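Please keep the sequence and the 3D view open while reading, and look up each residue as it is named.

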Amino acid sequence: MAAETVALRSIPTAPPSPPDTAKHSQATSLAGERQSASLPLHSKKNLLKSYPLPPQNGIKSVQAQDVKTPDNHVERDPRLIRLTGVHPLNCEAPLTDLYSEGFLTSENLHFVRNHGHVPVCEDEEILDWTFSIEGMVQHPFTLSVQDLIESYEQATYPVTLVCAGNRRKEQNIVRKSKGFSWGPAGLSTALWTGVPIGNLLAQAKPIRGARYVCFEGADKLPNGYYGTSVKLNWCLNADKGIMVAHRMNGHALHPDHGKPVRIIIPGQIGGRSVKWLRRIIVTKEPSDNWYHIYDNRVLPTMITPEASADLPNTWKDENYAIYDLNTNSAICFPQHDEMAALDGNQRTYKVRGYAYSGGGKRITRLEVTLDKGRSWRLASINYPEDQYRNAPDGDELYGGKMDMWWRETCFCWCFWELEIPMTQLADASDIMIRAMDEGLMTQPRDMYWSVLGMMNNPWYRLVIHKED
Ligand code: MTE
């Protein structure tokens, strides 16, 4: 008799109901350190074995499809899945590859969201790259990357960046949005090194009435330079961890990730973390940059792609701009089309995946259902970020202090797993999961469809298909 198998197919969730409508010092040679970009780097102690470190696997080279594009200077990993054709590059890693790399993602597999071309910055130009701090400040100034590294205390910590479009494919299946189809791998975690932005702003001294900080990149796009803004008080709050970063996983930034300098905003959608930083502008109002207004918003669900062009005031309403991430999770194993034999030796299957929340909030539970939400079981959760949080005073990584013990906020994804008897999987028609954070924000059962297809976070569903 042929063995009965269970095909576990990760079909995107269709919602149950349709949408109603520092200090300079000599470079230290570190194990695995790429030597191409010689940035000043100091490592007080050799701590590289004490903390989870980024994988260095994968080989990058200029890919054939990039040769005839403005990105012909950028080396990329061929495993990345391109989501918008050849150019600009928007890509995610195969989900299981991303999961298998562990807590930290190598720069090879880190997702990329580029609105246009990647600005050129040769290795020998890194230290001379400048950006300004201007607008409503008493002391505007321009800073080079060398100044940033030499004159300010450096910090290193892990941050999970998540594109607001993560899991958008599920929205597009229900109803086409204006965005391209991200799977569930539109997120990645890296060790970022740089200067807390509050330290730079303290020097510039914002003046009374200032409320926002705008960021602008060097990528000139059809609608101007890419730019956006966040609130000034978030930048001044060290707990928020907003950083001007010049190192990723101990290396100079990869061109796709902002070489030579970018903003990193933990707990918020990736769209606010401006790459190839040129200007920091303190203002009274939110950014009027085209990309701040027409991107990274969750508009009311009745606004459709057809109607949306006529509604400038709706688009401009800052109430619909999104900042903090919402609670979200995905199943990574079983992977799509994985086969499991029911009459084999395997008695249980370890279902595994990731979860995250926003605004620094920690995931406190992950629940799994095999009967469409009638009953739930609890998965165990692992937060590798805690190893950095518990770093002793004075520990440094890649030249940046890891003093995060005082911070109540949580900036990274976590992992969860649950053993399920194979017989129970065989009886079920799907596996669904939902996460909850410390503020009791849980993932909804139903999808909130919106015109840009952002922040999609209903229960994640994996369909079980039985074959003889
Ligand atoms: N910054 C600039 N200058 N240009 C961009 O196109 N894309 C933003 C943000 N910063 C973007 C940018 C978006 S939408 C995201 S999700 C993140 O960068 C992605 O960062 P990554 O490509 O390093 O993963």
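A pocket, in the sense used here, is an open set of grid points where a 1.4 Å probe fits, with protein on both sides within 12 Å along at least five of seven lines, and a molecule sits in such a pocket if more than half of its atoms lie within 2 Å of its grid points. The model is a predicted one, and in it the ligand sits in the largest pocket. Two elements give two or more residues to the shell around the ligand, namely β4 (112-113) and β9 (212-221).

**The ligand and its surroundings**

Which residues come nearest to the ligand? There are 19 residues around the ligand, and of these Phe111, Asp219, His257, Arg262 and Lys275 come nearest.

| Residue | Part of the residue | Ligand atom | Distance |
|---|---|---|---|
| Phenylalanine 111 | backbone N or O atom | oxygen | 2.7 Å |
| Arginine 113 | backbone N or O atom | oxygen | 3.0 Å |
| Aspartate 219 | side-chain N or O atom | nitrogen | 2.6 Å |

Taken alone, the ligand exposes 530 Å², and the protein buries 100% of that area.

**The chain as a whole**

The protein chain contains 10 helices and 25 strands. Of its 468 residues, 58% count as buried, while the chain as a whole exposes about 19000 Å², of which carbon and sulfur atoms supply 50%.

**Helix α4 and the residue after it**

Helix α4, which covers residues 197-204, has several buried residues, and these are Ile197, Gly198, Leu200, Leu201 and Ala204. Why do they lie on the same side of α4? They cover an arc of only 160 degrees around the axis, and therefore they are placed on the same side of α4. As background, an α-helix has 3.6 residues a turn, so residues three or four places apart point the same way. The helix α4 is followed by lysine 205, and the phi of lysine 205 is positive, near 60 degrees.

**Backbone angles and cis peptide bonds**

For most residues other than glycine phi is negative, and most peptide bonds are trans.

Arginine 167 is not a glycine, yet its phi is positive, near 70 degrees. Arginine 167 belongs to the loop between β7 (155-162) and α3 (168-174), and because its relative accessible area is 0%, against a limit of under 20%, arginine 167 is buried. Tyrosine 398, which is likewise not a glycine, has a positive phi of about 55 degrees. The loop that holds tyrosine 398 runs between β21 (396-397) and β22 (400-401), and tyrosine 398 is buried because its relative accessible area is 6%.

In one of them, from histidine 87 to proline 88, omega is near -5 degrees, and proline 88 is placed in the loop between β2 (81-82) and β3 (90-92). In the other, from phenylalanine 333 to proline 334, omega is near 5 degrees, and proline 334 lies in the loop between β15 and β16 (338-341).

**Three further loop residues**

Is isoleucine 303 buried or exposed? Isoleucine 303 lies in the loop between α6 (290-293) and α7 (305-308), and because its relative accessibility is 6% it counts as buried. Its C-alpha atom is separated by 7.2 Å from that of serine 450, although isoleucine 303 and serine 450 are 147 residues apart along the chain.

Glutamate 318 is in the loop between α8 (312-316) and β15 (328-333), and with a relative accessibility of 23% glutamate 318 counts as partly exposed. The C-alpha atoms of glutamate 318 and serine 287 are separated by 9.9 Å, and these residues are 31 residues apart along the chain.

Glutamine 346 is found in the loop between β16 and β17 (348-356), and at 38% relative accessibility glutamine 346 counts as partly exposed. The side chain of glutamine 346 reaches the backbone oxygen of threonine 348 at 3.1 Å. Between the C-alpha atoms of glutamine 346 and alanine 379, which are 33 residues apart along the chain, the separation is 20 Å.

Terms used:
Residues numbered from 1 in each chain as written. Predicted model: local features only at pLDDT ≥ 70, side-chain atom pairs only at ≥ 80, totals over all residues. Heavy atoms only, no water. Buried < 20%, exposed > 50% of the residue type's maximum accessible area, 1.4 Å probe, protein only. Helix = DSSP H or I, 4+ residues; strand = E, 2+ residues; numbered from the N terminus. Arc of directions from axis to C-beta. Near = heavy atom within 4 Å. Polar contact = N/O pair within 3.5 Å; in protein donor to acceptor, adjacent residues only side chain to side chain. Areas by Shrake-Rupley, 256 points an atom, 1.4 Å probe, with all protein chains shown as cover. 1 Å grid on protein atoms, 1.4 Å probe; cavity = no way out; pocket = protein on both sides within 12 Å on 5 of 7 lines; lining within 4 Å.
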